[in-house]
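Here's a quick briefing to go with the model below. Have a look at it first, then read on.

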Amino acid sequence: MAAVSKTAGALLGTPRVHRWAHRLAPGWREFADEALAVSERHWKQTHQTVAALKRKYEEAVFGRQGIWELVEKLALCVDPTDGELYGASQLIHTRQVVAGMERDGVSDPDFFLAAITHDLGKVLWLLRYHSILIESSRPFMDARDHAYLERYLVPFRKYDQDTKSCCLLPPQNILDKYRDLVERTFPRSLLI
Ligand SMILES: [Fe+2]
């Protein structure tokens, strides 16, 4: 990877290489092809598929879990469709989002709560990979969901998408100082 980064660095400049050099690594093309196949199935989801998945997951699959337990389980979750993370875990992704917010001086605790909890549903991958297409979810969204989408999801995407990298490893303990905030906000375990 170092050799690839050096060559690509001369062509693209260091900041872009930091995010894109892994695409030149052996195996990336195969990963990208498989990711594309999964994504194509994702985009073919109908409202009926989403409704069936919603029914399926009305039954708890893990039982009661503390929020922080679920955060830690993200270390076991890898998104097979995410060519930016390219095998880096969802816990590393979460740390990257938090690091990006800290770098920008974000101070709203709600954004840090969103950063730490936004991908918790992905722990279901430990049983089976499913990602619901948000456009097909609109019929199930109420006014509160739409307001949430505008207030949080739209500004949050900047961090969720733009901090992704398989080459960036934020400090291992970066989430620790937010544990108290998460546990105060979500004192009860979750049935999942
Ligand atoms: Fe995310």
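Helices (H or I, at least four residues) and strands (E, at least two) are DSSP runs, numbered from the N terminus. This is a predicted model, where local features need pLDDT of at least 70, side-chain atom pairs count only at pLDDT 80 or more, and totals for chains, interfaces and linings use all residues. Residues are numbered from 1 along each chain as its sequence is written.

**Overall layout**
- The protein has 10 helices and two strands, in the order α-α-α-α-β-α-α-α-α-α-α-β from the N terminus.
- Of its 192 residues, 16% are buried (20 or more other C-beta atoms within 10 Å of their own; 12 or fewer is exposed, in between is partly exposed, with C-beta atoms placed from the backbone).

**Leu-113**
- Leu-113 sits in helix H7, residues 109-117.
- It counts as partly exposed because it has 17 C-beta neighbours inside 10 Å.
- Setting aside neighbours within four places in sequence, Leu-113 is in contact with Leu-181, Val-182 and Thr-185 (contact means C-beta atoms, placed from the backbone, within 7 Å).
- Phe-186 is 73 residues from Leu-113 in sequence, and their C-alpha atoms are 9.9 Å apart.

- Take the contacts between residues at least 6 apart in sequence: 77% of them join residues at least 24 apart.

Note on methods. Contact = placed C-beta atoms within 7 Å.
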